[in-house]
Amino acid sequence: MNQLTDVRTEFGDTIEHPTTQFGLLGTRRLLPLFVTQFFGAFNDNVYKQALLLIFVFSAISQSYDTNVLNNVAAGLFIVPFFLFSVTAGALADSYDKATLVRYIKAMEILIAILVAVALVTQNLIAMLAVLFLYGTQSTFFGPLKFALLPQQLHASELVGGNAMIEMGTFVAILLGTVVGGVLGNSDLLGDMAQVNVWVSITVIVTAIVGFIACLQIAPAPPVHHEKINWNPITETVNLIRLTMERKAVFRSVLGVSWFWLLGSVFLTQVPNLTKEYLYGDGTVVTVLLVVFTVAIAIGSLICERLSGRKIEIGLVPLGALGMSVWGIDAYFSILAIEPVSVRGAFDFLAADGVPRLLIDLVFLGISAGVFVVPMQALIQNRTPPAKVARVIAGNNVLNSLAIVLGAGISIFWLTVLDYGIPSLFLLIAILTAFVAAYIFVTVPEFVMRFIVWLVGHSVYRVDHVGLDNIPDRGPVVLVSNHITYVDFMLLAGAVRRPLRFIMHRSFYDLPVVRFVCRVGGAVPIATKEEDEEVYEEAFEKVKEGLDSNEIFCIFPEGRLTPTGEMMPFQRGIERILRESPVPVIPVALSGLWGSYFSKAPNARKLPKRVRVSVGEPISPDSATAQLLEDQVLALRGSTR
């Protein structure tokens, strides 16, 4: 029984195929967690935003510097991520995650009651202490929510699940900020007494709703019990080391952290940007916050469609490029807006130059969503199950450091250097390009997957048939016909697992192709007559890879077809199966003959439709070169 069947049998679902991201909301595997996370993020931001306004408009402002209070409040919410993330990760890896979520959400109800006490008594220390407790509660919940996803979702659902969680988080932040702003405004509610009452009622009711939702989260027992080190300093160092064990995972953590830095800088500066450079009032601030956060949510959601429902890190360079380009253009858009008297949202939207700025913000947000979701899914998928929660905790520590770094950059740029907010946005956009370049140079797999994704989604329109026949884990060999120079890219883009190719050395050494093949772990081969050493070494590498549960693809024809018709399969596949008796799966490419990269005479056209057809696995005991050739030919049909 495969992982997907195990998961769905335990949770009571009877769906035969991986569920779409919106379909997941109809299952117990995601809906309770989604609702729990949504109301948790909503509650945090209702209280934080209301508290900022209470500081400004209550009697507290007469005794304290509100700018200092606002910065202290922001710091108190972040500090728990440094203090308790290590403990939160160890607990999440050692105990049933669903049970821990229930304890944490029960504590949120108690914290909400303390909110009421603090507001009614107007005790400043209590108000700040409650904010610290909210940060602590979020610290312990963070590793749980992302560690639950790979344990309760199929690998092909991870992108969709992460997209829904990210979308829900940003919508909840937006709604919480707006609602908190309304509830904390004494001018709207009449007086501060009404503010205190309505804020208290809202956070208590929201906490109760979140707790009720979490009761439906299915059990998620630990893979093993981790010994907990209660020393936050030494354990934080160990946590970062654990996060750095896998280069692709750690670079993804850095990318996610940069996403939070960029987002925090943009969202924090919007009010002053609106007042000083866009000449708008509070309604304009709300419009900009809505546009940016909704755009991030949209970018998160479209990842599943762009990636073909697999973890496609090739989208990360696309997102990084968009973040830089649209961020840079936003700088020029802001400078182009003419100075006027303070205006409301409707006048602002009708003003010259504003549509360009809104377009920049929309595509900046969409690019940010496309940038972060695949990396979040990669972190979960490539980390051993027993370590996922602790790696997520390490991710949270670095995310918090990035937010603090963003605040430091902003203070230095705006206060010490006395530059403007538009130039700060320009700086962050340019730095994004450098950070992305560092990630892509140190982990070329991101660029390789981007090239593969680009070929499979822009040059060709590809239909996939039978992809579910390829197992999600375990050793397997694919055999395919060979029509064009980009066949390997089309197959790599279709298969959900990292696919290693066995290809002739002359093709492996072609420019661009060599980069993609080397990074993808392709194995160059030559005939025994051409180079016996390369020939034998290739079979050794394939055996080692299959022994490590990897997946390979070979083109048994040995070269591109010169006529569009299949050539006889060579018997090298039989030796592979003798030395490593693993399942072999026939794959047929069709619709490519006559395209640019084929050997067809006068090949100029782009095919209207390309098909990748995957057959049923064949036992290594019965697989012969002739049988596999017949199977691939049958899958291909009459279309070349």
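Q: Is Glu579 buried, partly exposed or exposed?
A: In this predicted model, Glu579 counts as partly exposed, at 31% relative accessibility.

Q: And which residue does Glu579 form a salt bridge with?
A: That's Arg575, with the closest N and O atoms 2.8 Å apart.

Q: What about Arg575, buried or exposed?
A: Arg575 is buried, with a relative accessible area of 17%.

Q: How many salt bridges turn up in the whole structure?
A: A search of the whole structure gives 17.

Q: Which residues are linked in a network of them?
A: Glu245, Arg246 and Lys387 are linked that way. Glu245 meets Arg246 in a salt bridge at 3.2 Å, N to O. Glu245 also forms one with Lys387, where the closest N and O atoms are 3.2 Å apart.

Q: What does the Lys387 and Glu245 pair tie together?
A: Lys387 lies in the loop between α14 and α15, and Glu245 in the loop between α9 and α10, so the pair ties together parts that are 142 residues apart in sequence.

Q: How accessible are the three of them?
A: Glu245 is partly exposed, with a relative accessible area of 46%. Arg246 is partly exposed as well, at 31%, and Lys387 counts as partly exposed at 24%.

Q: OK, new topic: Asp360. Where is its place?
A: Asp360 is in helix α14, which covers residues 354-382.

Q: What's the nearest side chain of opposite charge?
A: Arg356, 4.4 Å away. A salt bridge needs the nitrogen and oxygen within 4 Å. Asp360 has no salt bridge, yet it is buried.

Q: Then which residues is Asp360 in contact with?
A: Leaving aside neighbours within four places in sequence, Asp360 is in contact with Trp326, Asp329, Ala330 and Ser333.

Q: Switching to strands. Why is β2 largely enclosed by the rest of the structure?
A: Because five of the five residues of strand β2, residues 476-480, are buried.

Q: Which way do those side chains point?
A: Val476, Leu478 and Ser480 point one way from β2, while Val477 and Val479 point the other way. All of these residues are buried.

Q: What does β2 pair with?
A: β2 pairs with strand β5, residues 551-554, in the parallel sense over four bridges. β2 also pairs with strand β6, residues 584-590, in the parallel sense and over four bridges.

Q: Buried or exposed?
A: Met566 counts as buried, at 17% relative accessibility.

Q: What does Met566 contact, apart from its sequence neighbours?
A: With residues within four places in sequence left aside, Met566 is in contact with Asn481, Glu557, Glu629, Val632, Leu633 and Arg636.

Q: And how far is Met566 from Asn549 in space?
A: They are 30 Å apart, C-alpha to C-alpha, and 17 residues apart in sequence.

Q: Let's look at Tyr438. Where does it sit?
A: Tyr438 is in helix α16, residues 421-442. Tyr438 is partly exposed, with a relative accessible area of 41%.

Q: What does Tyr438 touch?
A: Not counting residues up to four places away in sequence, Tyr438 touches Arg251 and Leu254. The C-alpha atoms of Tyr438 and Arg251 are separated by 8.9 Å, though the two residues are 187 residues apart along the chain.

Q: Last one: which residues form a nonpolar patch on the surface?
A: Val197, Trp198, Ile201, Val205 and Val209 form one, with about 400 Å² of accessible area together.

Q: Where is Val209 found, and what's its accessibility?
A: Val209 is in helix α8, residues 192-214. Val209 is partly exposed, with a relative accessible area of 31%.

Note on methods: Residues numbered from 1 in each chain as written. Predicted model: local features only at pLDDT ≥ 70, side-chain atom pairs only at ≥ 80, totals over all residues. Heavy atoms only, no water. Buried < 20%, exposed > 50% of the residue type's maximum accessible area, 1.4 Å probe, protein only. Helix = DSSP H or I, 4+ residues; strand = E, 2+ residues; numbered from the N terminus. Pairing = 2+ DSSP bridges. Lys, Arg positive; Asp, Glu negative; His and termini not counted. Contact = heavy atoms within 4.5 Å. Patch = residues over 30% accessible without salt bridge, like charges linked within 9 Å, V, L, I, M, F, W, Y side chains within 5 Å. Areas by Shrake-Rupley, 256 points an atom, 1.4 Å probe, with all protein chains shown as cover.
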